[in-house]
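Subject: Structure for you to look over

Hello,

Here is the structure I promised. Please open it alongside this note. My findings follow below.

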Amino acid sequence: MSKATEFFAQRKEAVFWILAVLWMGFIFFMSAHTGSDLDQGTGLFAAIKASLEDFVARTVGLQTDVVSTLAHFAEYLVLGILLANALRLRTSAGKAFLIAVLAGSLYGVTDEIHQIFVPGRLCDPADWLTDTLGCTLGALCLSALKRPQAKK
C-alpha cells in the first residue's frame, strides 16, 4: 500500500470514528432532556415531536408515547450503522457486526443509567431493548449494503 493510500485510509477511518462519537454525544444530549422539555419547548426537536405525536394520534389513535420508542430505535439504528462502518475497516464484516451490536447495546445501558440522574427520566429496560434492536438492525443494514458483490 502506498503512503498516500495509507494516509487517506487512516483519515477515512478517523472520520468514521468521529461521526460515531459525535452521534453518541447527540444521544447523550437527548437523554439529558425529558419529554416534557420537548413538549414545552419551541425548538426543532419539540416541533418534530409534536408533529409525530399528532400523526400517531390521528392515524393509529394511540395516546401513548410511541414517539419516545421510535426515537430510541432511530437513534440506535444510526449508531449501529456508524459503529459497524468504523469497525469494518479493521476487521471482518461478521466481527464488525458483532462488536457494533455489543458496543451499541452497552452504550444503551450507560444511556439508561445516565437517565436515572435526569429529573423526570428513569432507567427503563424496555428502552435498552429498543436501543439494542435498533443498533442490531443498523449494523445488519450496513453489513448488507457493504457485502462484497459477486462478479458477473
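Of the protein's 152 residues, 29% count as buried (buried is under 20% relative accessible area, exposed over 50%, partly exposed in between, with a 1.4 Å probe and protein chains only). This is a predicted model, where local features need pLDDT of at least 70, side-chain atom pairs count only at pLDDT 80 or more, and totals for chains, interfaces and linings use all residues. Residues are numbered from 1 along each chain as its sequence is written, and side-chain values use heavy atoms, with hydrogens and water left out.

Overall picture

The secondary structure is six helices and zero strands. Helices (H or I, at least four residues) and strands (E, at least two) are DSSP runs, numbered from the N terminus. The pattern along the sequence is α-α-α-α-α-α. Accessible surface comes to about 9700 Å² (Shrake-Rupley method, 1.4 Å probe; for residues, only the protein chains shown count as cover). Carbon and sulfur atoms hold 71% of that surface. Take the contacts between residues at least 6 apart in sequence: 68% of them join residues at least 24 apart. Contact means heavy atoms within 4.5 Å.

Helix α1

Ala20 has a relative accessible area of 0%, so it is buried. Leaving aside neighbours within four places in sequence, Ala20 contacts Leu79, Leu82 and Leu83. Gly80 is 60 residues from Ala20 in sequence, yet their C-alpha atoms are 8.9 Å apart.

Trp23 is also in α1. Its relative accessibility is 24%, so Trp23 counts as partly exposed. Trp23 touches Glu75, Val78, Leu79 and Leu82, not counting residues up to four places away. Trp23 and Tyr76 are 53 residues apart in sequence and 9.3 Å apart, C-alpha to C-alpha.

At 42% relative accessibility, Lys12 is partly exposed. Between Lys12 and Ala86 there are 8.9 Å, C-alpha to C-alpha, and a sequence separation of 74 residues.

The α5/α6 pair

How do α5 and α6 pack? Helix α5 (residues 93–116) meets helix α6 (residues 125–145) at about 155°, with the axes 9 Å apart. Axes are lines fitted to C-alpha atoms, for helices over the stretch in contact, and angles run from 0 to 180 degrees between N-to-C directions. The two helices are therefore roughly antiparallel (over 145 degrees; under 35 is roughly parallel, 65 to 115 roughly perpendicular, the rest oblique).

The contact residues of α5 include Phe97, Val101, Gly104, Gly108 and Glu112. On α6, they include Trp128, Asp131, Cys135, Ala139 and Leu140. By class, the contact has nine nonpolar, seven polar and four charged residues. Ala, Val, Leu, Ile, Met, Phe, Trp, Tyr, Cys and Pro count as nonpolar, Asp, Glu, Lys and Arg as charged, and the others, Gly among them, as polar.

Best wishes
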